[in-house]
Amino acid sequence: MVKLISSSVFRPVVLSNAAHLVRPRLALRCYATQQSFNSEAKRKAVTPFNDDGNVPWTQLSVGEKSARAAQQTFNFGMVIVGVVLTGGVAYFLFKEVFSPDSKISYLNRAISRIKKDQRCLELLGDSNKITAYGEETWNKWRRARPIASTTTKDAQGNEHLRMHFNVEGPKGRGKVNMHLTKRSGRSDYEYQYFFVDVAGHQRIYLENADASSSDKGDKQGFKLFGVKWG
């Protein structure tokens with residue numbers, strides 16, 4: 001009889017302690033769930049203007065998913081445009097500046113040949129002090145003056161590059177004229193003429209296709225009845 005009374009006395013105490021341990025855990029879970037619900041309820045709607053990618057895709061509504069897709073599409077399009085523009089600038093620089101067949105390359109080679117030609121040095125002066133510049137303009141800086149050049153194509157498909165600029169040294173100044181032709185089906189230009197005019201002096205030819213062809217014709221002569229004459 002004593003054992004029954006003692007067991008009935010202690011059993012409620014054990015249940016009371018278990019309930020005391022369970023209640024804080026349930027309260028903590030309810031608080032976390034409520035906080036999560038409140039945070040989801042309070043978050044701003046995702047638009048293309050405020051989407052920073054922090055909200056997971058699964059938590060977005062249909063409209064928000066469309067907004068994020070539109071933003072990503074726009075960003076991808078801007079990247080493509082940037083790549084295309086960069087490629088265009090790179091092609092232009094290579095074609096007009098770095099290519100061996102560009103106008104700048106032929107201009108630099110022409111200036112280098114003038115500085116190495118003894119006839120030009122006698123009229124212009126020290127090669128290290130010879131400068132080249134374009135047409136006379138209001139700009140006092142000679143390096144900023146544009147080099148005049150034109151590129152045309154004739155009826156036979158031949159390309160013609162014409163260029164003229166000024167050169168000046170310690171002794172004098174002159175004008176340079178160049179005409180190059182790229183025949184149809186070929187990849188390189190050939191000189192038709194390249195000369196320097198200094199006032200008061202005879203024209204200096206560095207290239208003259210007409211004179212070269214006439215000299216070859218004079219040396220070859222002509223044939224009559226199987227005999228070479230001339």
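I started at arginine 113, which lies over the face of tyrosine 191, 5.8 Å from the ring centre. The model is a predicted one.

I then checked the charged partner of arginine 113. Its side chain meets that of glutamate 207 in a salt bridge, at 2.8 Å from N to O. Glutamate 207 is in strand β6 (residues 204-208) and arginine 113 in helix α3, so I noted a link between distant parts of the chain, 94 residues apart. Arginine 113 counts as partly exposed at 30% relative accessibility, and glutamate 207 likewise counts as partly exposed, at 26%.

Next I looked up arginine 203. Its charged end sits over the ring of phenylalanine 195, 3.8 Å from the centre. Arginine 203 also forms a salt bridge with aspartate 197, with the closest N and O atoms 2.8 Å apart. I read arginine 203 as partly exposed at 38% and aspartate 197 as partly exposed at 24%. Phe195 belongs to an aromatic cluster with Tyr193 and Tyr205.

I searched the whole structure for aromatic pairs and found four. In one of them, tyrosine 106 and tyrosine 189, the ring centres are 5.6 Å apart and the planes stand at 90°, so I logged the pair as edge-to-face. Tyrosine 106 lies in helix α3 (residues 103-116) and tyrosine 189 in the loop between β4 and β5, so the pair ties together parts 83 residues apart in sequence. Are these two tyrosines buried or exposed? Tyrosine 106 is buried at 8%, and tyrosine 189 is buried at 12%.

I counted six salt bridges in the structure. I also recorded a salt-bridge network linking Arg183, Arg186 and Glu190.

Conventions
Residues numbered from 1 in each chain as written. Predicted model: local features only at pLDDT ≥ 70, side-chain atom pairs only at ≥ 80, totals over all residues. Heavy atoms only, no water. Phe/Tyr/Trp six-rings, centres within 6.5 Å; stacked < 30°, edge-to-face > 60°. Helix = DSSP H or I, 4+ residues; strand = E, 2+ residues; numbered from the N terminus. Buried < 20%, exposed > 50% of the residue type's maximum accessible area, 1.4 Å probe, protein only. Lys NZ or Arg CZ within 6 Å of the ring centre and 35° of its normal. Salt bridge = Lys/Arg side-chain N within 4 Å of Asp/Glu carboxyl O.
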